[in-house]
Amino acid sequence: MRIILLFLLSAACALAEGIKPAIVYDFGGKFDRSFNQSASEGVARFTRETGIAFRDFEVTNATQRVQVMRQFARHGYNFIVAVGFSQASAVEQVAPEFPDVRFVIIDGNVDLPNVESVNFREQESSFLCGMAAALSSKTGKIGFVGGMDIPLIRKFALGYEAGARHVNPKIEVFENMTGSTPSAWNDPTRGAELAKSQFGRGADVVFHAAGGTGMGVMQAAQDAGLLSIGCDSNQDYIHPGSVLTSALKRVDVAVYRAATAARNGSWVHGHVTFGLAEDGVGYSLDEYNRAILTPAIEKRLEDAKRDIVAGRVAVPEYRE
Amino acid sequence: MSAERAAPSLRWLEALVLPLANLVLALLLSGLIIRLIGESPLAAFRLMLSGAFGSQEALGYTLYYATNFIFTGLAVAVAFHAGLFNIGAEGQAYIGGLGAGLVCLGLGSLPFWLVAPLAIVAAALFGAGWALVPAWLQARRGSHIVITTIMFNFLASALMTWLLVNILIKPGQQSPETREFAPGTWLPSAHDLLARIGLSFAPSPLNLAFALAIAASALVWLVIWRTRWGYALRVAGKNAAAARYAGISPARVTIAAMLLSGALAGGLGLNELMGAEHRILLDFPGGAGFVGIAVALMGRNNPVGIVISAILFGALYQGGSELSFDMPHVNRDTVVVIQGLVILFCGALENVLKRPLSRLWSR
């Protein structure tokens, strides 16, 4: 009897040992209602379905990234997700020290045999949102409010503008970045001011790619009776009838998929890119924006989506 | 005032017992908060303590953080002795690091003994240069240094973002960071240095910059208390009118003190970039410039006090990150609350206990 119990116990342990996952969130924190939170939703879904809990950590300074990844690896965590491009160099440093640990870097590129790099073609969802904005605009002027001025956000801006011009070559696009420090991700007051100044110049749709700052952008659009476009997570519900759509970036899908693959033993290292074709990016359509994202617009967007996936429409990508 | 100065036991009380009592108060209140969150305060403090000093690696991280705080604490203290409140150590450290980083990027092929002094000089020059404009505006135009140095923090961060995003970025990556410095320019880490003399030490980011920080502390002590120039600085800081009467130009002292202050802040860049990260990256000072204000306050603007309080803050940083790692209910915001309470009690409320304590002592 005891032997059977022992056997069962060890089998259970072996099963549990299959994957011991951990996740390192970036400065924004687990509950940023945007990028990091999307990752945490993927974690929550994985835990709900498998009963395997993730350990997590929110970093507060750059040195902690390496430190905490090492610590997780040393404590026997064998699957570590690093959220955000700024963690790439930390993964690059720690991964070679622990060849048996599987690492996933979101929004970054690391070429190592135990790292999976997950990137998104944000320009594709931004392109569709730019089209939606141009199709909804009555003034022929639209706006963009970015968070911190970094390549990633320029990628959004470029796709957005290209999408708008795809519909209306003569459209005017106002572009503002909130700031040059990480606090630009969390400055809703300034976000609202930038949106208002763009409205003042005649814009009637504004797209934000600015994390927490975007809350102010969307509020300003709601107050002015104009339209805004959300980012990363589906934000249509925040101001129903004023948020035209949201540029979705399915970090949750990426995290969930990688964790599931690691659990099933089908995880492989290398580079994965999520675009429209993989349903990794897209635009949102639900009961909150059904009334403003008309079927005519939806049809145009779906057509464009098919064209982009098939390669008939080229979406420009921001390069250095 | 003069009576207190006369009693040596009271000075000793003020320098040692008072900060300790404040620290205990801050920790008691933090313990209460941890209890409310649902964790055991005793276990939490034990974790913090062992997380900060319990192993060689922990100690290495603690001293590594402390290195930053020594540099910025000294920067704030030097300005303070001249009667100036330098809130701009953050920006000066940021730009100082840029100087060191540019030398490492541009002259990486030179041997270490040549690059290292050049980088140190560049860090000091860049840091001092960033402090020069606010200093000049204060000295010659009377623009308040608190305001201008705060504004210069934002300017520094805008400039660095622009440089890193548009010019210095390593092509083909998302993250605004430069390429890695050539290994020949890295400041040797503590474990490498100790290995060379046959001692083994666990790997950590602790590096030669710690020794530089200690040397800088000694230098600051020498300059402020043992030179004529330091005397002029202290006189101008205590009473500008008296200084002018004595033939000291307060305006000149203001500029010189701020230059030294900025140069010291630049030392942070040596530790962070040449010692630990080996590349220029966004926001590497990470608020250490502001922590430096608390460090200087707690260390009573005295180099020995600053080193001790810098190590205390290093321990809070390192122990705090261990704490949030090991106790799932304690998140990073709780750790910030604990750090904030220590700053509040040791810095802002430092004189609350002074009277009752000295009364107790005289009894």
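**Exercise 1. Find the partner of A:E58 in a salt bridge and say which elements the pair connects.**

Step 1. Apply the criterion: a side-chain nitrogen of Lys or Arg within 4 Å of a carboxyl oxygen of Asp or Glu. A:E58 meets it with B:R332, and the closest N and O atoms are 3.9 Å apart.

Step 2. B:R332 lies in helix α15 (residues 332-348) of chain B and A:E58 in strand β2 of chain A, so the pair joins two chains. Helices (H or I, at least four residues) and strands (E, at least two) are DSSP runs, numbered from the N terminus.

The model is predicted: local features need pLDDT of at least 70, side-chain atom pairs count only at pLDDT 80 or more, and totals for chains, interfaces and linings use all residues. Residues are numbered from 1 along each chain as its sequence is written, chains are lettered from A and ligands numbered from 1 in the order in which they are written, and side-chain values use heavy atoms, with hydrogens and water left out.

**Exercise 2. Describe the interface of chain A and chain B.**

Step 1. Count residues in contact (heavy atoms within 4.5 Å). Chain A gives 35 residues and chain B gives 33 residues.

Step 2. Take the buried area, which is the accessible area (1.4 Å probe) that two parts lose on being put together, summed over both. Here that is about 2,800 Å², with 49% of it on carbon and sulfur atoms.

**Exercise 3. Work out the strand order of the open sheet in chain A and name its edges.**

Step 1. Strands pair if DSSP finds at least two bridges between them. The 6 strands run in the order β2-β1-β3-β4-β5-β11, with parallel pairing.

Step 2. β2 (55-58) and β11 (270-274) of chain A each have a single partner strand, so one side of each is left without a neighbour in the sheet.

Step 3. Look at one pair. Strand β1 (residues 21-25) of chain A joins β2(A) over 4 bridges; A:V24 has A:F57 of β2(A) as its bridge partner.
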